[in-house]
Amino acid sequence: MLLLAACAKPEAPAPPERPSILLVTLDTTRADAIGAATPRLNKLAARGTRFTQAYATTPQTLPSHASILTGLYPAGHGVHENARFLGAGQPVVTEKLKGAGYGTAAFVSAFALARRFGLARGFDVYDDDFGADRAERTAQETTERALAYLAQNRDGPLFLWVHYYDPHYPYTPPAPYAARYAKNPYLGEVAAMDEQFGRLVAAFENRAGPRAIVVAADHGEGLGEHGEAQHGNLLYQTTMHVPLVVFGPGFARGTNDAPVSTRSIAHTILDWAGLDATGSLRGGQREAVVAGEAMKPFLDYGWQPQVMAIEGRTKAILAGRVEAYDLVADPRETRDLGAQANLSRGIRAALRDYPLPSATEPPAPATLDDEAQRKLASLGYVSAGSRPVVRQDAPRPIDMAPLFPILDRASGLFVREQYAEAIPLLEQIRKADPHNLDAALRLAAAYSALGRNAQALKAFEAAEAIAPDSPDVRTYLALHHAKTNEWQRAVPLLERIVREEPDRLPPLEALAVIRERQGRIEEAVELRGKVYTMRAASGAELTRLALMQMSLGRTPDAIASFENARRLLGEKFANDLELGVLYLASGRYAEARDALDRVPPSHPGAAMALFKRAQVSVLLGEPDRAQRIAAAREHADETTRALIERERLFR
């Protein structure tokens with residue numbers, strides 16, 4: 001027995017238990033905001049590794065988070081600005097964790113990260129409920145939701161992502177931080193967020209088993225430096241240098257001063273889960289040069305695209321020409337070394353080879369409904385409504401910095417349909433940037449919306465001169481014609497646009513209206529059906545669709561549309577007569593009875609409702625059917641009188 005025992009193979013060591021993972025993303029939080037205002041985050045940083053040179057991949061919320069969850073730069077995952085969509089072909093880390101047995105949950109705090117934009121894949125719970133007509137919620141509200149989830153989900157490895165949005169313009173911190181940071185309300189919002197962060201971490205660390213925590217910002221905030229009040233337009237440290245703290249297996253206490261990208265967070269999470277250690281912050285080979293981009297000015301206005309590359313203490317930005325900075329000697333980037341900088345081969349290659357987005361891809365608002373655009377506008381995020389005109393002599397975004405606040409205000413007013421207020425700002429933009437196609441088209445659309453047709457057509461001519469064969473110019477011009485007495489001029493334009501871009505929402509809607517006006521109801525129904533797969537229909541729209549379906553004899557479709565309209569409209573639903581008639585035609589007599597009973601005596605079709613209700617009464621064998629027939633006769637009008645006399649059910 002001893003010999004056998006001695007010769008037995010030793011048991012293999014048990015694989016390490018996989019940790020539960022908490023990812024916390026801090027929206028709009030500069031690296032230098034971490035300090036006196038963030039005692040809870042400081043406490044976690046003292047226990048783990050603080051990466052002092054961490055960089056966002058882009059200074060906008062959605063694409064930055066797409067990088068955090070895919071491990072790719074925007075050039076890899078294809079989301080270059082807010083209001084775009086992460087394609088289904090781009091796997092997110094959550095899908096892999098879920099496949100490996102992790103529970104997965106997310107609690108986000110702003111509409112910019114709503115599930116419709118593609119980040120919800122793989123999550124068992126994706127809480128983006130901000131309340132009726134709201135586009136964001138406070139850190140406290142989000143924390144309460146996350147704590148309730150943690151209280152009910154205690155077993156097994158968990159991946160929990162919590163996103164806080166608070167340090168975002170306008171800066172309105174709650175008490176007591178409003179008074180404490182009266183001179184710096186931005187830091188007051190950071191401090192209020194830190195308080196909720198502490199509650200979240202305390203609850204998470206009550207879980208059994210190993211735990212790991214990653215905290216990072218998606219981008220920073222300009223706060224007026226380099227001419228940028230907020231973020232999204234430039235690549236300077238104010239918006240790209242972010243806090244990053246990692247606590248968990250394999251991370252020692254201390255700091256790490258090597259430049260790293262927040263895209264490495266995805267690889268680190270996979271490493272902890274035992275799935276793939278490639279690119280992890282925990283060790284192994286990391287990228288020598290960290291890259292980043294700011295493509296909003298390029299995509300929205302046709303200005304120079306911007307790419308950054310960082311290696312060691314050197315940072316370079318390519319935007320028409322190369323800027324270079326020594327981040328140790330000049331952390332605020334006030335001295336551009338330019339041609340005097342001795343840039344490494346790696347930095348030069350990163351700037352040269354970084355893939356640029358195509359300016360021919362559809363603009364974001366073409367696939368967003370009005371409500372989504374208004375919610376994004378309320379957060380300060382408005383994407384262009386047209387493809388840019390790309391030109392060699394395009395201005396550098398930094399040189400156009402004085403226009404940033406004017407562009408943001410004009411865009412917000414336009415989306416909120418405050419056209420009269422937007423027009424002077426758009427005229428100002430056109431004067432400063434004559435080749436800005438988006439401003440030219442919005443100016444034309446604003447004049448059109450106000451019925452100032454002559455000025456609208458003049459503005460359309462200017463837009464066409466900028467981009468002679470632009471599908472965006474055709475679209476806006478067609479939409480203008482569609483609502484005038486010359487609506488026939490819109491028909492060939494809309495037909496071409498829908499043929500070339502069948503998923504572009506505004507032209508589809510306009511063509512549906514015109515087809516109905518032309519009496520081509522079958523086509524109008526098909527177009528409206530497609531529109532309502534792309535955006536939610538209102539109760540009034542569903543009612544109109546149901547009436548058209550009813551006229552075509554599409555009874556099941558009409559019933560479904562009416563039922564959905566009734567659910568949306570509630571007591572305001574005024575088509576119970578039509579719904580009752582359809583139920584009767586389908587042999588659904590009990591439902592027909594209920595619908596017809598809801599038709600009030602004051603309804604213009606009350607006589608028809610009484611006639612149809614009498615028919616239903618006979619078919620159901622109701623004891624008062626004779627009285628209902630008598631009531632139908634008594635209140636008959638010219639139409640129903642003849643129907644009653646011919647009705648065999650009444651004999």
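**Aromatic contacts in a predicted model**

Let's start with a charge on a ring. The charged end of Arg 517 sits over Trp 487, 5.0 Å from the centre of the ring. Keep in mind that this is a predicted model. Arg 47 gives another case: it lies over the face of Phe 247, and here the distance to the ring centre is 4.3 Å.

Now ring against ring. How many aromatic pairs does a search of the whole structure find? The count is 17. I'll take two of them.

Take Phe 562 and Phe 573. They pair edge-to-face, with 6.2 Å from centre to centre and 75° between the planes. Where do they sit? Phe 562 is in helix α23, residues 555–569, while Phe 573 is in the loop between α23 and α24, the latter being 576–585. The two parts are eleven residues apart in sequence, so the pair ties them together. Buried or exposed? Phe 562 has 0% relative accessibility, so it counts as buried. Phe 573 has a relative accessible area of 7%. The cut-off for buried is under 20%, so Phe 573 is buried.

Next, Phe 611 and Phe 650. This pair is edge-to-face, at 85° between the planes and 5.9 Å centre to centre. Phe 611 belongs to helix α26, residues 606–620. Phe 650 belongs to the segment after α28, which spans 638–646. Those parts are 39 residues apart in sequence, so here the pair ties them together. Both Phe 611 and Phe 650 are buried.

Last item, a cluster. Which residues form it? Phe 123, Tyr 126, Phe 159 and Trp 161 make up one aromatic cluster.

How values were computed. Residues are numbered from 1 along each chain as its sequence is written. This is a predicted model: local features need pLDDT of at least 70, side-chain atom pairs count only at pLDDT 80 or more; totals for chains, interfaces and linings use all residues. Side-chain values use heavy atoms; hydrogens and water are left out. Rings of Phe, Tyr and Trp (its six-membered ring) pair if their centres lie within 6.5 Å; planes under 30 degrees apart count as stacked, over 60 as edge-to-face and the rest as tilted. Helices (H or I, at least four residues) and strands (E, at least two) are DSSP runs, numbered from the N terminus. Buried means under 20% relative accessible area, exposed over 50%, partly exposed in between (1.4 Å probe, protein chains only). A charge sits over a ring if NZ of Lys or CZ of Arg is within 6 Å of the ring centre and within 35 degrees of the ring normal.
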